[in-house]
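Here is my note on the model you sent over. Have a look at the structure first, then read the points beside it.

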Amino acid sequence: MFLDIDVIMRQSTAMQNINTQAERQRTTLQNDAQRQENELRRADEELAGQRNTLSQDAFNQRRRQFEDRVANAQQQIQNRRRNLEQSYADAAGRVQQALTAAVEEVMNEHEYQFVLPNSVIFMARSSLDISGEVARRLNRRLPTASMSN
């Protein structure tokens, strides 16, 4: 017996749900990063315009404050991106656990001795492919999943 894990994961309603959530969160993050970048660009231009009207010490102080603000913004975006990817990995891990349980269920029910991924199969009859049955059981076992925020 063999299965195609990629096909099963594409057919997984839980994984489809996770992918939709991840894409939505990535878009939001990208929009927020772009908005912050635009704000910082305007602030930099404003600061550059004050170069001739401020004393050197005052300008240097504002420049350091601006640089701190830039570093803080970059760190926040990086943290949000890391949290998003960790949340995705955790949710995908839950789907993988449910997939393993579904494979075990099929193996036990049909008394299969082993199930191999299709990547190690050179040639086999399609009747030995249990991907469809495993995908159906996975979707019954875990119809949806969500990413933590």
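The numbered points below go through a few places in the structure.

1. A word on the basis: this is a predicted model, in which local features need pLDDT of at least 70, side-chain atom pairs count only at pLDDT 80 or more, and totals for chains, interfaces and linings use all residues. Residues are numbered from 1 along each chain as its sequence is written, and side-chain values use heavy atoms, with hydrogens and water left out.

2. Helix α3 runs over residues 56–110. Its 55 residues should span 81 Å at 1.5 Å a residue, and the end C-alpha atoms, 80 Å apart, agree with that (the expected span is 1.5 Å times one less than the number of residues). Helices are DSSP runs of H or I with at least four residues, strands are runs of E with at least two, and both are numbered from the N terminus. Just after α3, Glu 111 has a positive phi of about 55 degrees.

3. Helix α4 covers residues 131–141, and its buried residues include Val 134, Ala 135 and Leu 138. Buried means under 20% relative accessible area, exposed over 50%, and partly exposed in between (1.4 Å probe, protein chains only). The buried residues of α4 pack against β1, α1 and α3.

4. Gln 16 sits in helix α2 (residues 13–49) and is partly exposed, at 39% relative accessible area.

5. Leu 116 belongs to strand β2 (residues 116–117). With 32% relative accessibility, Leu 116 is partly exposed.

Conventions:
Contact means heavy atoms within 4.5 Å.
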